[in-house]
Amino acid sequence: MDVIRTGDILVVTALERLGRDTLGLLELINWAGHHGRGAEGAGYAGDALDVAGGGALVAAGVAAIKRANISRRKRQGLDRAKAEALAKSLIAAN
């Protein structure tokens, strides 16, 4: 955030990648707002990340859901890969 100057606007295309968790995302948006920087979510109606308007809470909730889905899909992929590897090893053993 050191490279963003007062009056700049940070445009975010993937909210789930902006912060590690909901609190981190809200702190970053809040910091930007209080230091004269803006934050806008591309594809969101109006200023979706406007701290005063409460849009940041909605955006953070959406981002949390997306992060959870990414984690779930990652876990499913790893589980599937392990099952396939186990099946191949059982077939090779016979």
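**Surface and burial**

How much accessible surface does the chain have, and what share of it belongs to carbon and sulfur atoms? The accessible surface comes to about 6500 Å², and carbon and sulfur atoms hold 57% of that. Such areas are worked out by the Shrake-Rupley method with a 1.4 Å probe, and for residues only the protein chains shown count as cover.

Of the 94 residues in the chain, 20% are buried (under 20% relative accessible area; over 50% is exposed, and partly exposed lies in between, with a 1.4 Å probe and protein chains only).

Residues are numbered from 1 along each chain as its sequence is written, and side-chain values use heavy atoms, leaving out hydrogens and water.

The mean pLDDT (the predictor's confidence in each residue, from 0 to 100) is 74 for the chain, with 65% of the residues at 70 or above. Helix H2 (residues 55–93) has the highest confidence at 85, while strand E2 (residues 38–41) has the lowest, with a mean of 59. Where pLDDT is low, the predicted coordinates should not be read in detail.

**Layout and contacts**

From the N terminus, the order is β-α-β-α, made up of 2 helices and 2 strands (DSSP runs numbered from the N terminus: H or I of at least four residues for helices, E of at least two for strands). Among contacts (heavy atoms within 4.5 Å) with a separation of 6 or more, 64% join residues 24 or more positions apart.

**A look at Ala 63**

Ala 63 sits in helix H2 and counts as buried because its relative accessibility is 0%. Thr 22 is 41 residues from Ala 63 in sequence, yet their C-alpha atoms are 7.4 Å apart in space.

Notes: Predicted model: local features only at pLDDT ≥ 70, side-chain atom pairs only at ≥ 80, totals over all residues.
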